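These are my notebook entries on a protein model, kept in the order in which I looked things up.

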Amino acid sequence: MNPLARTFNAIGGRLMARTGRIGILATTGARTGLRRTAPIGFVPRPDGTILIGAGSTSNRGWTANLRANPACTFAIRGTTRSYRARFVGPEERAAALAELRAAMGR
């Protein structure tokens, strides 16, 4: 599986939607064990990983799902690939935010 870099950030899904970079994240429910899906903005990286972000962690069930089980899939324009989520730490957060902003022209 490829790693999925993920960061908590202040850039909302509305901005990602404007770029057309929306994929479907499929996770396993942290409490239910059922398959859950969510539309998520993303930035593709040259190494094959993708960077996704959320504005607030308090209302994002998919973040809890990924913390409980980092194995997931991400579908982009009908192509689905398997990933393993990796939450970035504080030292990587600023660089990840800069990468997201640059990809969106901000």
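Is Phe74 buried or exposed? I kept in mind that this is a predicted model, and I found Phe74 buried, with a relative accessible area of 1%, which lies under the 20% that I take as the limit for a buried residue.

**Aromatic rings.** I then looked for aromatic pairs and found that the structure holds one. Phe42 belongs to strand β3 (residues 35-44) and Phe74 to strand β5 (residues 71-76), so the pair ties together parts that are 32 residues apart in sequence. I also checked Phe42, which is buried, with a relative accessible area of 4%.

**A charge over a ring.** Turning to Phe87, I noted that the charged end of Arg67 sits over its ring, at 4.1 Å from the ring centre.

**Helix α3.** How far apart are the end C-alpha atoms of helix α3? I found them 20 Å apart, which agrees with the 20 Å that the 14 residues of this helix (residues 90-103) should span at 1.5 Å a residue. I listed Ala96, Leu97 and Leu100 as the buried residues of α3. Seen down the axis of α3, these buried residues fall within an arc of 105°, so I noted that they line one face of the helix. An α-helix has 3.6 residues a turn, so residues three or four places apart point the same way. On the other side of α3, I recorded Glu91, Ala94, Ala95 and Ala102 as exposed.

Methods. Residues numbered from 1 in each chain as written. Predicted model: local features only at pLDDT ≥ 70, side-chain atom pairs only at ≥ 80, totals over all residues. Heavy atoms only, no water. Helix = DSSP H or I, 4+ residues; strand = E, 2+ residues; numbered from the N terminus. Expected span 1.5 Å × (residues − 1). Buried < 20%, exposed > 50% of the residue type's maximum accessible area, 1.4 Å probe, protein only. Arc of directions from axis to C-beta. Phe/Tyr/Trp six-rings, centres within 6.5 Å; stacked < 30°, edge-to-face > 60°. Lys NZ or Arg CZ within 6 Å of the ring centre and 35° of its normal.
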